[in-house]
Amino acid sequence: MTSPEIERALGAFVQAATGWPVDLTSPDLTLHVLVDDQGLFVWTRRVPGPGGLPVGVGGRATCMISGGIDSPVAAWLMMKRGMRLDFVHFHSVPRTDPASLEKVVDLVKILIRYQGPARLAMVPLLQIQEQIAARCPPELRVLLYRRFMLRLAERATHRFKSDAIITGESLGQVASQTIQNLRAVEAVASMPVLRPLISFDKPEIIARARRIGTYETSILPHFDCCSFLLPDNPATRSTAAELEDGEAGLDVPALVQEAVDGTEIRKIDVPVPWSAIPSAAGGAP
């Protein structure tokens, strides 16, 4: 049978069984039919999938991932646009709990369900943080941490042969994420820094985290590197020149190289089973 013949036969069958009239302009119910070599499949409701582009067509990038809610969602959104990601995580072990490292691994194991295997760079930041705390203005600490993170993420990006850095920053969410501070910190980067969550409110980010299955892992207690040696009154309107002056007493190249030398690269290629991801068990994200 041709497609029009199938339409007429099925339409006549439904009409005979129900007595419903046919309205091709504004129907109350539409029956969809798929014909393939295994038979005819009929449905009345479409469930939207995530959309997006096939894995890899958007290029490669490296995502800065913490153990929190935001960065896994940022990673997933860029995967949705066809980017294949690797990851970089900064830690302050042994001053912070080593269990936080495994929490990040668990998050990446969920995320690779959506793209395939990834590499994860575990970068020690403790020495850099201690030097900043001892030698730099307290109000600039977090911003100087972030500048070093970008420098180190860029080194990882070169190692992974990627073209951009992804962060989970959202405008105004915390003191370091004002537009002035984002600009001042990003001044040290020589490649694009993508922020897919820049306009998201926290409830929107949480809702997406629940849908993709990372939320329950992200909210497990952990003490991350950015919580370490925080100032009481962080700067909210800095400039690149002020941050350069603030880190003038540091041997930046040596600190970066020391962190690079201490970096551990893990290959994450065994994903969490779909059945163990809360949203995946109930439908597409």
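1. Salt bridges. A search of the whole structure, which is a predicted model, finds 12 salt bridges. One of the pairs is Glu130 with Arg95, whose closest N and O atoms are 3.5 Å apart. This pair connects distant parts of the chain, since Glu130 belongs to helix H4 and Arg95 to the loop between S4 and H3, 35 residues apart. As a general point, side chains of opposite charge can pair when their charged atoms come close.

2. Packing of H4 and H10. Helix H4, which spans residues 126-135, packs with helix H10, residues 252-261, at an angle of about 155°. The axes of these two helices are 9 Å apart. An angle over 145 degrees counts as roughly antiparallel, and H4 is therefore roughly antiparallel to H10.

3. Residues of the helix contact. On the H4 side, Gln127, Ile128 and Gln131 take part, and they meet Leu255, Glu258 and Ala259 of H10. By class, the residues of the contact of H4 with H10 comprise three nonpolar, two polar and one charged.

4. Nonpolar surface patch. Trp20, Leu29, Leu31, Val33, Val35, Leu40 and Val42 make a nonpolar surface patch of about 620 Å². Strand S1 (32-36) and strand S2 (39-43) are the elements that give two or more residues to this patch. Trp20, also a member of the patch, is found in the loop between helix H1 (3-18) and S1.

5. Cis peptide bond. Val93 and Pro94 are joined by a cis peptide bond, with omega about 10°. Pro94 is located in the loop between strand S4 (84-91) and helix H3 (99-111). The loop between S4 and H3 also holds Arg95, the salt-bridge partner of Glu130 in helix H4.

6. Positive phi. Lys161 is not a glycine, yet its phi is positive, at about 60°. The residue lies in the loop between helix H5 (141-159) and strand S6 (165-166). For context on this point and the preceding one, most residues other than glycine have a negative phi, and most peptide bonds are trans.

Definitions and conventions. Residues are numbered from 1 along each chain as its sequence is written. This is a predicted model: local features need pLDDT of at least 70, side-chain atom pairs count only at pLDDT 80 or more; totals for chains, interfaces and linings use all residues. Side-chain values use heavy atoms; hydrogens and water are left out. Axes are lines fitted to C-alpha atoms, for helices over the stretch in contact, and angles run from 0 to 180 degrees between N-to-C directions. Helices (H or I, at least four residues) and strands (E, at least two) are DSSP runs, numbered from the N terminus. Angles under 35 degrees count as roughly parallel, over 145 as roughly antiparallel, 65 to 115 as roughly perpendicular and the rest as oblique. Contact means heavy atoms within 4.5 Å. Ala, Val, Leu, Ile, Met, Phe, Trp, Tyr, Cys and Pro count as nonpolar, Asp, Glu, Lys and Arg as charged, and the others, Gly among them, as polar. Patches are made of residues with over 30% relative accessible area and no salt bridge: like charges are joined within 9 Å, nonpolar side chains (Val, Leu, Ile, Met, Phe, Trp, Tyr) within 5 Å. Accessible areas come from the Shrake-Rupley method with a 1.4 Å probe; for residues, only the protein chains shown count as cover. A salt bridge is a side-chain nitrogen of Lys or Arg within 4 Å of a carboxyl oxygen of Asp or Glu.
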